[in-house]
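Colleague: I'm new to this one. Could you show me how to read helix contacts and cavities?

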Amino acid sequence: MVFHFEDINQDTQSKGLFIEIVKLVSKYDAVLAKHLAESNRNETYLSPKIQNDILKCMADETLHKILNEVKQAKYFTIIVDSTIDIGRIDQFSFSLRFVDQQGDIKEHLLYFEELHNATANDYFVIIKKLMEEYKLDISLCRDSIRSSINAVSFFGILEALYTFIANNLPRLKIFEEEQKKIDGIVLTLKQLSETRWASHKRAVDSVYINLPAIVTSLKRISDGELLNVKPKTISEAQGLLFQIMNFKFSFLLVLWKNILGKVNILSNYLQNSKIDLITAHDMVSTCFLDISSLRNEKYFLKIKCNATELCRQFGGNDNFEQGRMRTKKKIHGENNLENIIESADENFKCNTYFVILDSFTNTLKHRFEDFSNIVKYLKYLIPKKCQKKT
């Protein structure tokens, strides 16, 4: 149902969402009912222009409240993105992320407009304009902090792999040769985007499928097979190979493939032009529960098993490296058996696996919290829901 029609007096079954809601509320509000029944036609304050004015006032008040919260928080992060919508129009979006006075993470979309060009200067001009309009101090802007160093390192390796292999024709040729030897199919690596989970999924999937070919390609480059290869290039190949052969990389590759596969189903539905709010809300809840369910010993061991099988395909390390053992300081009189020695598996599970899952589920929760609260009330206005109640 559209928000309003240009002519609210036209003979139609529905006169728009705004009018229908006003009519519904008037059944339970005597003052409003009297106003609608007795006011002259040009004194009802229900015209499309008035409706737009009301929306503008609500938007201005909401923006003012958000900006006050940002200034009270002091520090904030800017999130900008552009995406092509169903009408093939590139839309620029501007969001702010901050921690409020209660310690809760808040993220708000404040602005979007059509982006005619996607150059760095175009982004700069819009951001500069908005910072001045919102009276925000750029010196208080901080980069977003991610909760797990291992997670940051993982996506950094993916980006480094793409840059090292895909942006150089001789190295790309070696990579394609190795793919043909394995299964005869040539697939490209995918570049990451900081703000789009779909691009993260494509990047993870492409490395997961091509991992044996990536390893053999890096080994050939490390051995100096390329003509006139620079020492720096050999060093970069050896560094990437060292990172990939580490079991942590394979584990995180399997973990993120699992997480992003679940998120991608939700993401694809939310971009559907025929989206249903109630179904979307249910899918958000399902996605949250599915990812939360991974946070236990059973799934940790399952992902570890899958990562071990992956490592065996290219001869990688198939277990976590034992770091420095952490021993509890013994008090006089305590038995030696009471010393706590943390295994490599336990260390990774607590300090990386659980941290990534907790961080991701918290992000989902905060991102869709306002949406869930709105749907909770709007669902009673949907005829199907009302029929079920009756």
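Colleague: Let's start with a contact. Which residues in helix 6 meet which residues in helix 7?

Modeller: Keep in mind that this is a predicted model. On the helix 6 side you'll find R171, I174, F175, E177, E178, Q179, K181 and I182. Their partners in helix 7 are N210, P212, A213, I214, T216, S217, R220 and I221. Sorted by class, the contact has 7 nonpolar, 4 polar and 5 charged residues.

Colleague: How do the axes of helix 6 and helix 7 cross, and at roughly what angle?

Modeller: Find helix 6 at residues 169-182 and helix 7 at residues 197-222; their axes come within 8 Å and cross at roughly 130 degrees. An angle over 145 would count as roughly antiparallel, and 65 to 115 as roughly perpendicular. Helix 6 and helix 7 are therefore oblique to each other.

Colleague: Is the crossing of helix 6 and helix 7 left-handed or right-handed?

Modeller: That crossing is right-handed.

Colleague: Which residues line the largest cavity?

Modeller: Look for W197, A198, K201, L260, V263, N264 and S267. Helix 7 and helix 9 (247-270) each give two or more residues to that lining, with the largest share, 4 residues, coming from helix 9. By class, the lining has 4 nonpolar, 2 polar and 1 charged residues.

Methods
Residues are numbered from 1 along each chain as its sequence is written. This is a predicted model: local features need pLDDT of at least 70, side-chain atom pairs count only at pLDDT 80 or more; totals for chains, interfaces and linings use all residues. Side-chain values use heavy atoms; hydrogens and water are left out. Axes are lines fitted to C-alpha atoms, for helices over the stretch in contact, and angles run from 0 to 180 degrees between N-to-C directions. Angles under 35 degrees count as roughly parallel, over 145 as roughly antiparallel, 65 to 115 as roughly perpendicular and the rest as oblique. A crossing is left-handed if the near helix is turned anticlockwise from the far one by less than a right angle, and right-handed if clockwise. Contact means heavy atoms within 4.5 Å. Ala, Val, Leu, Ile, Met, Phe, Trp, Tyr, Cys and Pro count as nonpolar, Asp, Glu, Lys and Arg as charged, and the others, Gly among them, as polar. On a 1 Å grid over the protein atoms alone, a cavity is a set of points where a 1.4 Å probe fits but cannot get out, and a pocket is an open set with protein on both sides within 12 Å along at least five of seven lines; lining residues have an atom within 4 Å of a point.
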